[in-house]
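Hi,

Here is the structure I promised to pass on to you. Have a look at it first, and then read on for my notes on what turned up.

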Amino acid sequence: MLRLGKKQEFKRNFGFWSALALVSVYMATWEFVLVSLSLGFSNGGFAGLLWCYIPATLCFASVTASLAEMASMAPTSGGQYHWTSEFAPPQYQRVLSYASGWLSSLGLLSSVAAGNFISALQVQALVNVYLPDLAFTQWQTTLMMIALGVVTIILNTRTAPILPALEIASLYVHVLGFVVIAIVVLVLCPKNSPTDVFLTFTNTSGYDSMAAAILMSQVYVFWCIIGSDSVTHISEEVSDASINVPRSMWWSYVGNAISGFGMLIVLLFCVGPIEDVLESQTAYLQLFDRTGSTGIAFFLSVVLFIALYVGNITALATCSREMFAFARDHGLPFSCWLGKIDRHWKIPLNAVYTASGIVFLLSLIVLGSTLTFNIITSIALLSLLSTYMLSIGCVLWRRLSGEPLPHARWSLGRWGIPINAFALTYSSFIIVFCCMPTKLPVTVLNANWAPALWAGFILFAIGYYLFWGRNYYTAPVSFILGHRAQEDAMQSST
């Protein structure tokens, strides 16, 4: 914190295991494999999704490794926007870090809102296990989202002193939930043949090329493996952060990628014929129903709900810390208020309440249109990928230009340039597919509106920067340079 020119305001009560738990339950890879990855079955079928998952997770590991190294160099709650500021070319440090900060805030707020929405849908699915004909209204969905959000606020504030212990307990839920669901489903469900799972490709996406359809399914895979950077935003609460934060990032990614692959195999063998899956809106309920017992299906749904909901606690903690850090550098409106730490609780209460308030406002959109809400939250992936590209591109520029980098205890060493270069190239490749429609022909219902909203938000951030930010925003690198100047002055006087 001294090198970064910041004051230590948080209590460092997270160790390696609690940090690992936090990022593991936030990623929730095997849970999202069940809940959302099945949407990609139209882009390649069982075999297409399986053979897309493996290379996608291997390639994306380069992105995680690059981010982990930067977290070791500068473990700060600012995360990507700080790294962009410190490593970018001097003439672009301020504007690029400002853009990264806004995109991080947008991506994390969208993630929290999406998490509440998914949890509300799971509550409805639990009810539908016993009352399959009951249809929920949009206002009921909105109320569920707000109620779940209120519980998340309480767990992020009143239980803040025991949050590390709560995260470790959540990790047990994450691990045991995987074991319980996998074993029960494998034992009780009828199985698909290995040929169906490994060799049968199905393309109902509308794309003429099977290869194009399978490449499009990467978008669904990334929903399951993105998020290892979440722990960077609590770096100022982690002891020995320069080594514990990158280690927790890397090993949580490895563990989640492996467990996600295991659950994908279970899903493909046990979910039933591809034709039934394509017609189903909730493939995981179809999977649980195939156990042959309503009670078991309800129990497994409860396990899945708990495993996913604990990730919402982490999502709000991550989002509030990033907003606090950005406000601390005067990057957001009402920065003086948002950038405060509560003296009693030692957490940014104002940022927690503000982030939750924005999410509640987003929840009200469901009253008018679920489609509109889905469109808004879909920009989370594009926003977070943008921040990855900015920060990785800046550290790669620093390496190629021969400029010195801060010491990293978790370092890529001589592999830094090729790994950073591959990570940047692959992220650019991914973001192209994130901007394309997942199905053809394009209609209002299946159109990919995220790129338009993403571009609109970037224009808004640029306008806000020109109107306000350029006069008040202080790039994090300024504090580092200020600290160096003080050191130089002290040495000169000595």
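**Salt bridges across the chain**

Glu 69 and Arg 399 are joined through their side chains in a salt bridge, with N to O at 2.6 Å. This pair ties together distant parts of the chain: Glu 69 sits in helix α3 (residues 45-73) and Arg 399 in helix α19 (residues 379-400), 330 residues apart. Glu 69 counts as buried because its relative accessibility is 1%, and Arg 399, at 17%, counts as buried too. Please keep in mind throughout that this is a predicted model.

In total the structure holds 6 salt bridges, and two others are worth a look on your screen. One of them is formed by the side chains of Lys 6 and Asp 329, at 2.4 Å from N to O.

Glu 237 is in the loop between α10 and α11, while Arg 321 is in helix α14, 84 residues apart. With a relative accessibility of 4%, Glu 237 counts as buried; Arg 321, at 1%, also counts as buried.

**Cysteines**

How many disulfides does the count come to? The count is 0. Cys 189 is in no disulfide, and the nearest cysteine sulfur, in Cys 270, is 5.1 Å away. For a disulfide, the two sulfur atoms would have to be within 2.5 Å. Cys 189 is buried, with a relative accessible area of 4%. As for Cys 394, its sulfur is 20 Å from the closest cysteine sulfur, that of Cys 435, so the two are too far apart for a bond. Cys 394 counts as buried as well, at 6% relative accessibility.

**Backbone points to check**

If you plan to go through the backbone, here are some places to start. The peptide bond leading from Leu 440 to Pro 441 is cis, and its omega is near -5 degrees. Pro 441 is found in the loop between α20 (416-434) and α21 (450-472).

Asp 240 is not a glycine, yet its phi is positive, at about 50 degrees. Asp 240 lies in the loop between α10 (218-225) and α11 (241-270), and its relative accessibility of 42% makes it partly exposed. His 330 also has a positive phi, near 60 degrees, in a residue other than glycine. The place of His 330 is the loop between α14 (294-328) and α15 (335-338); with a relative accessible area of 30%, His 330 is partly exposed.

**A contact and a charged patch**

Gly 255, in helix α11, is 226 residues from Thr 29 in sequence, but their C-alpha atoms are 9.2 Å apart in space. Gly 255 counts as partly exposed, at 37% relative accessibility.

Lastly, which residues gather in a patch of negative charge on the surface? They are Asp 196, Glu 275, Asp 276 and Glu 279. Helix α12 (residues 274-279) gives the most to this negative patch, with 3 residues, and Glu 275 has its place in that helix.

Best wishes

Note on methods: Residues numbered from 1 in each chain as written. Predicted model: local features only at pLDDT ≥ 70, side-chain atom pairs only at ≥ 80, totals over all residues. Heavy atoms only, no water. Patch = residues over 30% accessible without salt bridge, like charges linked within 9 Å, V, L, I, M, F, W, Y side chains within 5 Å. Areas by Shrake-Rupley, 256 points an atom, 1.4 Å probe, with all protein chains shown as cover. Salt bridge = Lys/Arg side-chain N within 4 Å of Asp/Glu carboxyl O. Lys, Arg positive; Asp, Glu negative; His and termini not counted. Charge placed at Lys NZ, Arg CZ, Asp CG, Glu CD. Helix = DSSP H or I, 4+ residues; strand = E, 2+ residues; numbered from the N terminus. Buried < 20%, exposed > 50% of the residue type's maximum accessible area, 1.4 Å probe, protein only.
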